[in-house]
Amino acid sequence: MYQRREFVKYGLAGMLGLFSEQLLAGNGSTGTRSRKIEPNSLASRSWDEMRDLFPLSRERAYLNNGTMGPSPQPVIDAYVKSIEHTNVSGVYGGGKPEALEALSRFLNCDKEELAITHNVTEGINIAAWGVDLKPGDEIILSKEEHVGNGLPWLHRAKADGLVVRTIALGATADETLQNIRSAISPKTRVIAVPHIPCTNGQVLPIREICALARARNILSFVDGAHGTGMMPLDLHDMGCDVYASCCHKWLLGPKGTGYLYVRKEYQDELRALFVGGYSGLDWHVHEAVPFIDDNYTVGAHRYYYGTQSAAQYFGIQAAVEFQEAVGKERIRDRIAELNEHLFQGLRSLGTTVEILTPEERISRLGVVAFRIRNKDNNAIKSALHEDYEIRFVAESNLNSLRVSTHIYNSMSELDGFLKALSEHI
Ligand SMILES: Cc1ncc(COP(=O)(O)O)c(C=O)c1O
């Protein structure tokens with residue numbers, strides 16, 4: 001049974017308030033906010049102390065970061081303060097340069113390679129509709145797609161007579177790479193696979209996949225829903241053409257935020273389907289001057305347009321700074337440690353528990369998926385729900401369960417979960 005009585009509820013207001021004041025001191029009348037959380041300033045905090053920065057309820061162990069990452073208080077404060085600022089000052093906009101600066105630093109790419117979106121799906125749709133394809137061209141997906149990557153491609157394929165080929169995820173990184181290699185034909189134009197699928201959370205060898213694609217003149221479009229904030233990312237080194245991600249999962253940022261990375265050299269080929277404010281320059285309706293290629297905004301800002309939320313921009317900036325304050329590598333290592341604890345714990349429950357995430361260490365990080373053999377796993381999820389938030393995986397008829405953990409989780413939560421689960425097998 002989950003140890004509710006051990007939980008302290010919201011006893012942190014003083015400390016969090018102080019943190020907020022520091023954070024928001026720069027949120028002045030122009031709507032700007034300079035860096036407020038210094039890199040590595042949280043590097044020596046214990047994980048218990050780190051947990052105290054998250055107002056996340058302690059009534060139930062939250063083990064579903066793969067769906068949504070609860071924000072720490074500094075991120076919430078940056079967001080809320082900005083909403084207040086906008087509505088009190090009447091100042092329009094703000095935050096975009098800060099968000100772009102923070103994200104490009106965090107992802108090792110140029111600011112001009114990032115379009116800020118509202119979620120992963122939006123980025124994937126922009127890319128899937130912008131790529132130049134003709135009937136008969138082939139796209140490679142995995143057999144375990146989230147609807148956010150699967151449906152946009154099926155939709156485009158239906159509209160334009162494209163052929164979607166799917167590959168099985170391998171039990172190792174090498175096997176997955178081999179499966180992709182075998183699916184490539186002379187008609188393959190795009191490999192559009194997840195970095196980390198929503199089903200079993202295995203980490204695909206994405207750098208190698210992108211290199212394989214590039215060597216064959218195939219475009220690599222990565223569904224990076226789970227990449228940002230789970231591990232340090234270097235998009236230039238990864239070598240993909242497109243990486244669509246969000247800030248509301250592992251980055252622990254504002255909900256309804258994301259980004260689309262489009263490699264600089266590919267931007268003139270990827271058509272901007274929707275355009276508006278900020279995505280085009282020198283446009284003239286009153287003079288009937290035609291809009292030409294040179295009139296698109298230079299850089300990825302051609303892919304997003306119109307008014308967005310300053311609060312979300314400032315929240316993204318704060319989320320990046322928070323991760324830099326803890327340390328990207330430290331976060332990854334802690335996530336790996338939690339994963340190992342859970343993986344081995346599930347193993348110790350015996351063969352009734354079928355673990356679906358590959359054992360290979362490089363192929364797993366923040367997620368473990370499994371199913372209890374011969375049981376309705378959705379019913380097990382429901383039975384555990386009062387004390388543990390996990391995800392049922394309905395995709396690809398897997399009938400499995402997914403546990404995803406971040407730095408606010410503890411080993412004792414995982415032990416409690418394993419014990420509770422053992423009562424259902
Ligand atoms: C692998 C994967 N791709 C895409 C998505 C869609 O993300 P969003 O809701 O941000 O569009 C998700 C969401 O869980 C996901 O897990």
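My entries on those topics follow.

**Ground rules.** I'm working from a predicted model, where local features need pLDDT of at least 70, side-chain atom pairs count only at pLDDT 80 or more, and totals for chains, interfaces and linings use all residues. Residues are numbered from 1 along each chain as its sequence is written.

**Ligand.** I found 15 residues around the ligand, of which N119, T121, H146, G148 and C198 come nearest. Being near means that the C-beta atom, placed from the backbone, lies within 6 Å of the molecule. Two elements give two or more residues to this shell, α5 (120-130) and α6 (147-160). Helices here are DSSP runs (H or I, at least four residues), strands are E runs of at least two, and both are numbered from the N terminus.

**Domains.** I have domain 1 (96-321) and domain 2 (329-422), with bounds from an automatic or database domain assignment. Their centres, taken over C-alpha atoms, are 28 Å apart.

**Helix α13.** I checked its length: the 12 residues (411-422) should span 16 Å at 1.5 Å a residue, and the end C-alpha atoms are 16 Å apart, so this agrees. The expected span is 1.5 Å times one less than the number of residues. Which residues of α13 are buried? They are E413, L414, F417 and L421; buried means that 20 or more other C-beta atoms, placed from the backbone, lie within 10 Å of the residue's own. What covers them includes β1 (61-62), α11 (328-347), α12 (377-384) and β11 (388-389).

Terms used
A residue is buried if 20 or more other C-beta atoms lie within 10 Å of its own, exposed if 12 or fewer, and partly exposed in between; C-beta atoms are placed from the backbone. Two residues are in contact if their C-beta atoms, placed from the backbone, lie within 7 Å.
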